[in-house]
Amino acid sequence: SEASASFTPLAEVISGLFSTHLYDGNGGTQTITNNINLSGKGGLVWAKCRNIGYEHMLTDTARGTSGGYLQSDNTSAEATGGASPALTAFNSNGFTLGSRNEINTGSGEFVSWTFRKEPKFFDIVTYTGDGNDGRTISHSLGSTPGMIIVARRDSTNYWRVWHRSQTGKYANLYDSGAFADDSSSSGVFNDYSGNSSTFTAGININASSATYVAYLFAHNNNDGGFGPDSEDIIKCASFTGNSSADVTVDVGFEPQWLLTRRTGGGNWTITDNMRGLATGGIDNTLFADTSGAENTAADRIDLTSTGFIQKSGQTQNETVVYMAIRRPDQSTPTVASEVFA
C-alpha cells in the first residue's frame, strides 16, 4: 500500500539486525561482510569453528576489541589473545578477524552469528558489581526481556541465564545442568520476572568490584513493530517435549536460527538454516556448552512456515525452552543472480 511504501521491507530489517555468516579461516586477518552495522549501532559477534573442537568465541562492541573474548563452553575469564586477537575491528558492515585459531585458523570452517543492538530485539549492558544482593540494572531493550545471559569478565565466569518461561529459576550456559531454583535468597536473578527497563542482579552476578556483561534478547508477542506490517522477529518461549512423538511448535513465523534447551538438563543446542536444517534429514548442530565440532548425528528439527517441529526422540517428556529468530521473507527476485549462482 502507499501508506507502507516508506517503511523498510521486513527482510531488509531482519538482515540488518541478525546474520548467520559462514566463512573459511585463513590464519591471518580477514574482513567479514554481513550487512550488520556494528561500528554505528553496536552488537555481539558469536563465532564457532565447525570442523575442529575449538571454543565458542563471543566478542561485543560494549567491551570492544581490547576487551577481548569470552567462551560460552567454559568458565574462563575474559581474555584478549595478546598477539593473536579474536577481532581487530567492528565495522559498519561487519567485522575484521584477527589471527586467533579459535576464530580464524587456516584449517577451520566457521559460523558467525551477529546480533545488532536494537530496541525490542537485542541489547548489551556492562556494569561493575557493588556487592549488593538484588541490585537493579538498567537496560535499553525497550521491552521485557525474553532471555538474559550474564557473564563475569574478570574472574571465573558461570554464564548465568534467565529465561522468561522459567521465572524463579536460572541455568548456566557453559554446562548441561538443570534449571535451578532462583528464589530471592539464591543470589542470581532473585525471582526476577521481567521489566522493560531494568533487570535484577543478585549477589552472584553483582560481586563487589567484579566486572560483568549482560546480553538481553527480546520476546516479541504481537508487539515487535518491525517492517511495514509491524511484525514479530524474535521469540523466547517453551514447549513440552515428547520422547516418542514429534512436537509441533507454533512460533508465529519461520525461524532461521534456533537455540533450544531441556529444563531438566541437556545441551544448549544451536541450529540455523545456513548450516543446514534438512526436513526429514540430518541437521548440523552446535552446542553452546561444549567446544566440540559440529554434530551431524541426528534429525533434530524440521522448520515450518509458522515455527518448527522437534523430532521424535530428541527430548524427554519435559519442558524445553527456546529462542527463535525470524527468517527474512524472500522478496520477488528481479534478476537470476539474486537466487542462483
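## Aspartate 123

Aspartate 123 is part of strand 8, which spans residues 122-128. The model is a predicted one. With a relative accessibility of 3%, aspartate 123 is classed as buried, because the cut-off for that class is under 20% relative accessible area.

The side chain of aspartate 123 makes a polar contact with backbone: the backbone nitrogen of serine 140 is reached at 2.7 Å.

Most residues other than glycine have a negative phi. Aspartate 191 has a positive one, near 60°, and serine 209 has a positive one as well, near 70°.

Where do these two residues lie? Aspartate 191 is in the loop that runs between strand 13 (180-181) and strand 14 (198-201). Serine 209 is in the loop between strand 14 and strand 15 (211-218). Aspartate 191 has a relative accessible area of 40% and is therefore partly exposed, since that class lies between the 20% and 50% cut-offs. Serine 209 has a relative accessible area of 56% and so counts as exposed, the cut-off being over 50%.

## Fold and dimensions

How many helices and strands does the protein chain have? The secondary structure consists of three helices and 23 strands. The radius of gyration is 19 Å, close to the 20 Å given by the globule rule for 341 residues, so the chain is as compact as a globular protein of that length. Along the principal axes, the C-alpha atoms fill a box of roughly 60 × 50 × 45 Å.

Burial applies to 53% of the 341 residues of the protein chain. Counting contacts between residues at least 6 apart in sequence, 64% join residues that are at least 24 apart.

## Surface and charge

The protein chain exposes about 13100 Å². Carbon and sulfur atoms supply 41% of that area.

The protein chain carries 22 positive and 34 negative charges. How far apart are the mean positions of the positive and negative charges? The distance between these mean positions is 4 Å.

Technical notes
Residues numbered from 1 in each chain as written. Predicted model: local features only at pLDDT ≥ 70, side-chain atom pairs only at ≥ 80, totals over all residues. Heavy atoms only, no water. Helix = DSSP H or I, 4+ residues; strand = E, 2+ residues; numbered from the N terminus. Rg over C-alpha atoms; globule rule 2.2 N^0.38 Å. Buried < 20%, exposed > 50% of the residue type's maximum accessible area, 1.4 Å probe, protein only. Contact = heavy atoms within 4.5 Å. Areas by Shrake-Rupley, 256 points an atom, 1.4 Å probe, with all protein chains shown as cover. Lys, Arg positive; Asp, Glu negative; His and termini not counted. Charge placed at Lys NZ, Arg CZ, Asp CG, Glu CD. Polar contact = N/O pair within 3.5 Å; in protein donor to acceptor, adjacent residues only side chain to side chain.
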